[in-house]
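This report describes how the secondary-structure elements of the model below are arranged. Please view the sequence and the structure together with the text.

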Amino acid sequence: MRRADRLFLLIHALRGRRNAITAQRLAETLEVSLRTVYRDVADLQRSGVPIEGEAGVGYLLRKGSDIPPLMFTPDELEALVVGSRFVRAFGGERLGRGATTALLKIEAVLPPELRASTDRSRIFAPEVERLETSGIIDALHDAVTARQVLRIDYRDEGGRASAREIEPLCLAFWGGSWTLGAWCRLRGDFRNFRPDRIVEYRGTGEVFADERTRGLQAYFEAMGVDPA
């Protein structure tokens, strides 16, 4: 478990309790050692989280100073809901599952009035059969993450076919279509490929280096794009 996740769960275990919970119980819940609990509580106290108590007695959040769960406003929550809907619809199956489970985790720690607000958004992104459900977005995403050189058979806008060997750098969604940003070894330059025009793709087994002159940052500069 990542430390950030452990600290979040520790605060969640203390939230709303009337009686102190012992370090031993926290250690059993989080499946960590007593020493880890003591260290995490001390770190949270130093960062301003109002935890009272001490080792051998137990811990609780100071009365009247409970931390609002995640401190989301209604607008922020709606943004998360709408964002998860768009990721489910357009982000491929793997990211879609991640968006769904992330939202469930967020809703699990919300107070009832905010939890109810997550169902009120009237902005939708219906999930229909399209490119994102074919598996190619997930496959290209994996290749980008693993820096795997790909061979692709590609048809351009005019239907002309070509075989390319590319170093995939990123995926970008332009509100209606995806593009794969890559270094094209055939052209010796950066190119953008539409996944829906890739006839066939296969990994070569080669992993490319993140070189400054033809890596992701150089691609952004060449495209005149601000990734933020």
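## Helices across the sheet

Helix H7 (residues 136–146) lies across E3, E4, strand E5 (178–184) and E7, and runs at about 85 degrees to E4. Contact here means heavy atoms within 4.5 Å. Axes are lines fitted to C-alpha atoms, for helices over the stretch in contact, and angles run from 0 to 180 degrees between N-to-C directions. Helices (H or I, at least four residues) and strands (E, at least two) are DSSP runs numbered from the N terminus.

Helix H8 (residues 216–223) lies across E4, E5 and E6, at about 80 degrees to E6.

## Basis of the model

The model is predicted: local features need pLDDT of at least 70, side-chain atom pairs count only at pLDDT 80 or more, and totals for chains, interfaces and linings use all residues. Residues are numbered from 1 along each chain as its sequence is written, and side-chain values use heavy atoms, with hydrogens and water left out.

## The sheet

An open sheet is formed by five strands in the order E6-E5-E4-E3-E7, with antiparallel pairing; two strands pair if DSSP finds at least two bridges between them. Strand E6 (189–193) and strand E7 (198–207) are the edge strands, each pairing on one side only.

Strand E3 (residues 148–155) and strand E4 (residues 161–173) run antiparallel and are joined by six bridges. Arg155 stands opposite Ala161 in E4.

## The H2–H3 contact

The axes of helix H2 (residues 23–30) and helix H3 (residues 34–46) come within 9 Å and cross at roughly 105 degrees. Ala23, Gln24, Leu26 and Ala27 in H2 meet Leu34, Val37 and Tyr38 in H3.
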